[in-house]
Every structure is written in C-alpha cells, then in structure tokens.
Amino acid sequence: MTPPTPPWICPSILAADFARLGDEVSNVLAAGADTIHFDVMDNHYVPNLSVGPLVLSALRKAGIDACVDVHLMVKPVDRLVKEFLLAGADYITVHPESTEHLHRTLSMIHDGGAKAGLVFNPATPLEALEPVIEMIDLVLIMSVNPGFGGQAFIPSSLEKLRQARGLIDACSRDIRLQIDGGVKIDNIGAAAAAGADAFVAGTAIFGADNYAATISAMREEIAHT
Ligand code: DX5
Ligand code: ZN
C-alpha cells in the first residue's frame, strides 16, 4: 500500500454506527477520508473496551482496501501487534508505556510489513521518541486522555505538536504528525499551524449529517494555515 499524500483526514471508527460499520467506513471513504483510524481499547491500559483484529479482518474481507491506521491502547501490546499485522493494518501505533521493549515492538511492526507509529499521552513527554525516531513513520500526539471519544481538545497539545514537528523536521524520514482527540472544524487549523499533517476526528465526522461537507470544511481550514 502506498500511503496517501498528506494532509490526512482520519475518521475514528469509535464514533461510527457499529451496527452498520462496513457502510460507515465505505461512506466516509467516499466522502474523502484518507485513512481509517481504528481505535483499539482493552479495559486495562484504558478504561474502555472497543474492537479487536476480527473486526479489521471483516472490513478487509468486505473489500475495504483503504489505508488503516490502528491505534493500540492495550497493554501488553506485542501479541495484538501480531494479530493486527495478520488482519491487514497499514500503520500500527503504540504507546511507549504499553511495552517493556519499545525497540522490539517497533521492529515487529516493520518486520510484519506495516509502518510504525508512536503515540504520546497529554502528560507523556516526547523523550521516548529520540532514541527510536529512525524507526518511526508516524508520531501521534493525544489531545485528550485516551479511552473515550467526544472529549474536549487539550490546548497544551499545540505546543507538543510544535516540539514534535521540530524533531521530525530534523530527521530525514518521511514521518506523519498526527493529532487525536477533540479535533473539529474550528480547531483543526490551529493543529495544522502547529505542525500536524494528519488529523483524527471521530464525533466531528461521524456525528455530522454530511460527511463530505465536514471533511471539505476541515481541508479548507488546513489549507488556510
Ligand atoms: C481516544 C481515541 C480517539 C477518539 C477520537 O482514546 O484515540 O481516536 O476516539 O474521537 P473524538 O474525535 O470524538 O475525540
Ligand atoms: Zn485514536
């Protein structure tokens, strides 16, 4: 899979209607989404439970061939990395707190043919990035505490984005800088101005009546930064 050209709009399936998940994913792709953001929660690393690799396999079997970025909020993480590689993930993003051996986990992702992401919670400094940045394809900055959709964007995430942008620009790899949590039409421009080039949005897209109009409005805001 050739990754889409940034900027990316990445609808989070967490806010989709799960009774019609295949249609929801097809509709949001037809509306202009670049990747499908697949939030995986285990009721241990985060206090919520969502979906596992069976659901991604089902979407693949149903013909969804778009880029899927899997955000693993699970601990321990390695066994599920393997499952999601088999299920057809394109990007797999892990929290540094979820693994004792981050280098090994990132190696597993690459060895399995996927791209590797590293995600930072609001209170987690970017320290873990530097030693492994040559293995990273995506940096995800959480702008809410992970576990639930529909939370408010934490403003200090913008400064974190600027720091991450500096580290990425100092490195020769093609690395996406993704923001996740409370992203809406009225704050996506600020996230873009702070350096983000991939934007996760759950409720702002799936909660809207018109997915295409919402995604276009987001792109307009990004373009005007
Ligand atoms: C939170 C998830 C997010 C979230 C996005 O733990 O990682 O992807 O569900 O949803 P909204 O856009 O509703 O904040
Ligand atoms: Zn997420």
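Me: Let's start with a term: buried means under 20% relative accessible area, exposed means over 50%, and partly exposed is in between (1.4 Å probe, protein chains only). This is a predicted model, where local features need pLDDT of at least 70, side-chain atom pairs count only at pLDDT 80 or more, and totals for chains, interfaces and linings use all residues. Residues are numbered from 1 along each chain as its sequence is written, chains are lettered from A and ligands numbered from 1 in the order written, and side-chain values use heavy atoms, with hydrogens and water left out. So, which residues in α8 are buried?

Reply: Helices (H or I, at least four residues) and strands (E, at least two) are DSSP runs, numbered from the N terminus. α8 is the helix of residues 211-223. Its buried residues are Tyr211, Thr214, Ile215, Met218 and Ile222.

Me: How far apart are the end C-alpha atoms of α8?

Reply: The expected span is 1.5 Å times one less than the number of residues. With 13 residues, α8 should span 18 Å, and the end C-alpha atoms agree, being apart by 18 Å.

Me: Which residue caps the N-terminal end of α8?

Reply: Look for a side-chain oxygen 3.1 Å from the backbone nitrogen of Ala212. The cap is Asn210.

Me: Over to the sheet: which strands stand at the edges?

Reply: Two strands pair if DSSP finds at least two bridges between them. The open sheet has eight strands in the order β1-β8-β7-β6-β5-β4-β3-β2, with parallel pairing. Each edge strand has a single partner, so one side is left without a neighbour in the sheet, and these strands are β1 and β2.

Me: How many residues of β3 are buried?

Reply: In a regular strand the side chains alternate between the two faces of the sheet. In β3, Cys67, Asp69, His71 and Met73 are buried on one side, and Val68, Val70 and Leu72 on the other. Out of seven residues, the buried count is seven.

Me: Is Ser172 buried or exposed?

Reply: Ser172 is in the loop between α5 and β7. Glu134 is 38 residues away in sequence, yet 8.4 Å away in space, C-alpha to C-alpha. Because its relative accessibility is 73%, Ser172 counts as exposed.

Me: What is the relative accessibility of Thr105?

Reply: Thr105 lies in helix α4. Contact means heavy atoms within 4.5 Å. Leaving aside neighbours within four places in sequence, Thr105 touches Val77, Asp78, Val81, Val94 and Thr99. Thr105 counts as buried, because its relative accessibility is 0%.

Definitions and conventions
A polar contact is a pair of N or O atoms within 3.5 Å; within protein, one must be able to donate a hydrogen and the other to accept it, and residues adjacent in sequence count only if both atoms are side-chain atoms.
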